[in-house]
Amino acid sequence: MKFRSHYMSIVLLSLLCACASQQKGDVATSVPVCAQQLSDFDHAVASHGIRNASTSKVPAFPFLRANRNSVLMGKQVGAAVAGGQAADVLFADWVAQMRGLDRAARASEFRNRGDASMSSLARTEECADQMAAQLGMADYQALSKSVFVPDDYLDFQRIAGFYPLTAFAAHFGYEGWKRDNLGSFDLGPDALIGLGAWESYQLSGQNDGGAATLAIEDIRKDAFGRLVPTAVELENIARAYAPEFRVRVQSDSDRIGHPSLSAKGAVAHVDIDQPTIFYRLGHTWFNDQWHPQIIYTVWFPERPAQSMFDILAGHLDALIWRVTLDEKGAPLIADTIHGCGCYHLFFPSPSLHRIEAPEDGDIRETAESPAGAVASSVLARPILWIDAVSHYLMAVTARDQYEAHHTVASALVAEQQLGSLALGDGTGFASLYDEDGFVPGTERLERYILWPLGIDKPGAMRQWGHHATAFVGRRHFDEPELLGRYFDLK
């Protein structure tokens, strides 16, 4: 690793020296000066303890950051080169994807610092853009070796916890959870509505889902075929496919709100006077092409304890719903987890069929589809029935004639805003997440029991990019090839 870092530093230094004389008129900054400016910025971020953990730094390329999609995209560039294809445009769009990730993370870090002017951010971004623009195919080998995203499993804990033995206990516990909770997906709206008082969280003036079908076909794509919408286009798509979150309410802990921070270092709370549905864009590689994914998240104040030793209870709770679209905007599949990465369930449309997966023959967690095939039209605008207390997803149904007891108009907000929240005391901004991607104060007692399974702080709420979804086995919610592991087109 030291050799790699040394080698990459030499590569970057050579690049900087070669490009130092290149200017863009009077406003351009020399690349070595830019490199120092980026280094100073990163040092300030580290000293403040405000690193945005949603993406990984790319060693020796301080103007780029990577996610798991970046890793696969880099391999696809390499495959094009190996196949004798011209890959310059692919390479440029790969760099642009990582430049975009760095830009977004850096903006939140800058805002959370609170001790720098907007002009300094503009200069830093100009420098980063300058340095990225210098990269070409000659840099592919060096860059591809640096693009790496670690997984969220701790092997040393699995070794210390005798994982081959403890995994069996976890497997039987998960099987019991499925028996106790997945039967609700057999219930129809008549039975569900009679279970208690329901509150419906939905967007006011929600567009018809068909409008997005046409819009998606017209939105720009990069050389990989990935959707590259403007902010307005993305919000319109998110609005069109947003589900109705119908929650069985027993207390305020079952009401959806907006996470907030009263002061720097304070434990976050959820303001239920600001009902909010958060959204973000993702992509997955399925059936030899990239598909857009719209991801929605709702936050609850807590999962209340049902006993003195309720190991699943804790501060804050969240439910994540993701819909994957085909090239025309029709839903192929949806899946869901909680904010901890737990309870991963799949809802394929009839256009997909389940294939044999490596995990199917042993105790590892595999793809569970409790509702069977769900019509694409239902996945486009579903009702998600969410239980009280546990906030487990109970059913996915079409919009129906049964109105909830109470309808709550909810705001639609880009999830990235959680990386820089205005502090209640007016002193600045801070992230909901810490430098490791966790929401402080949301730890569960289950961490003292499940640590041998190798997931850090099991049960705690975590940032996008850090959702390990299998206690037994190895799986991440944002793996770009996840769906192809379990499903194929009919």
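Select Phe278 first: leaving aside neighbours within four places in sequence, Phe278 is in contact with Gly257, His258, Pro259, Ile295, Tyr296, Thr297, Trp299, Val413, Ala414, Glu415 and Leu418. Contact here means heavy atoms within 4.5 Å. The model is a predicted one, in which local features need pLDDT of at least 70 and side-chain atom pairs count only at pLDDT 80 or more, while totals for chains, interfaces and linings use all residues. Residues are numbered from 1 along each chain as its sequence is written, and side-chain values use heavy atoms, with hydrogens and water left out.

**Around Phe278**

Phe278 sits in strand S7 (residues 276–286). Helices (H or I, at least four residues) and strands (E, at least two) are DSSP runs, numbered from the N terminus. With a relative accessible area of 0%, Phe278 is buried. Buried means under 20% relative accessible area, exposed means over 50%, and partly exposed is in between (1.4 Å probe, protein chains only).

Next select Tyr241, Phe245, Tyr296, Trp299, Trp321 and Phe347, the residues with the most contacts inside the largest nonpolar core, which has 62 residues. A nonpolar core is a set of buried Ala, Val, Leu, Ile, Met, Phe, Trp, Tyr and Cys residues joined through side-chain atoms within 4.5 Å. Strand S9 (residues 314–325) gives the largest share of this core, 6 residues. Another core, of 32 residues, lies apart from it; Val31, Met73, Trp94 and Cys127 are among its members.

Show helix H4 (residues 88–113) and helix H5 (residues 118–133): their axes come within 11 Å and cross at roughly 165°. That makes H4 roughly antiparallel to H5. Axes are lines fitted to C-alpha atoms, for helices over the stretch in contact, and angles run from 0 to 180 degrees between N-to-C directions. Angles under 35 degrees count as roughly parallel, over 145 as roughly antiparallel, 65 to 115 as roughly perpendicular and the rest as oblique.

H4 passes H5 in a right-handed crossing. A crossing is left-handed if the near helix is turned anticlockwise from the far one by less than a right angle, and right-handed if clockwise. To see the contact, select Val95, Arg99, Arg103, Arg106 and Phe110 of H4 with Met118, Ser120, Leu121, Thr124, Glu125, Ala128, Asp129 and Ala132 of H5. This contact of H4 with H5 has 6 nonpolar, 2 polar and 5 charged residues. Ala, Val, Leu, Ile, Met, Phe, Trp, Tyr, Cys and Pro count as nonpolar, Asp, Glu, Lys and Arg as charged, and the others, Gly among them, as polar.

On the H2 side, pick Leu38, Phe41, Asp42, Ala44, Val45 and His48; they meet Arg106, Glu109, Phe110 and Arg113 in H4. By class, the residues of the contact of H2 with H4 are 5 nonpolar, 1 polar and 4 charged.

Keep H2 and H5 in view: they pack at an angle of about 125°, with their axes 9 Å apart. The two are therefore oblique to each other, and their crossing is left-handed. Val31, Cys34, Ala35, Gln37, Leu38 and Phe41 in H2 meet Ser120, Arg123, Thr124, Cys127, Ala128, Gln130 and Met131 in H5. The contact of H2 with H5 divides into 8 nonpolar, 4 polar and 1 charged residues.

Then go to Arg113, found in H4. Arg113 counts as buried, at 18% relative accessibility. Not counting residues up to four places away in sequence, Arg113 touches Phe41, Ala44, His48 and Ile50.

**Loop residues**

Most residues other than glycine have a negative phi. Phe162, not a glycine, has a positive phi of about 55°; select it in the loop between helix H7 (155–160) and helix H8 (163–181). Phe162 is exposed, with a relative accessible area of 59%. Tyr343, also not a glycine, has a positive phi of about 60° and lies in the loop between strand S10 (331–338) and strand S11 (345–348). Tyr343 is buried, at a relative accessible area of 17%.

Finish at His405, in the loop between strand S14 (393–397) and strand S15 (406–414). His405 is exposed, with a relative accessible area of 56%. Leaving aside neighbours within four places in sequence, His405 is in contact with Ile193, Gly196, Ala197 and Trp198. Arg364 is 41 residues from His405 in sequence and 40 Å from it in space, C-alpha to C-alpha.
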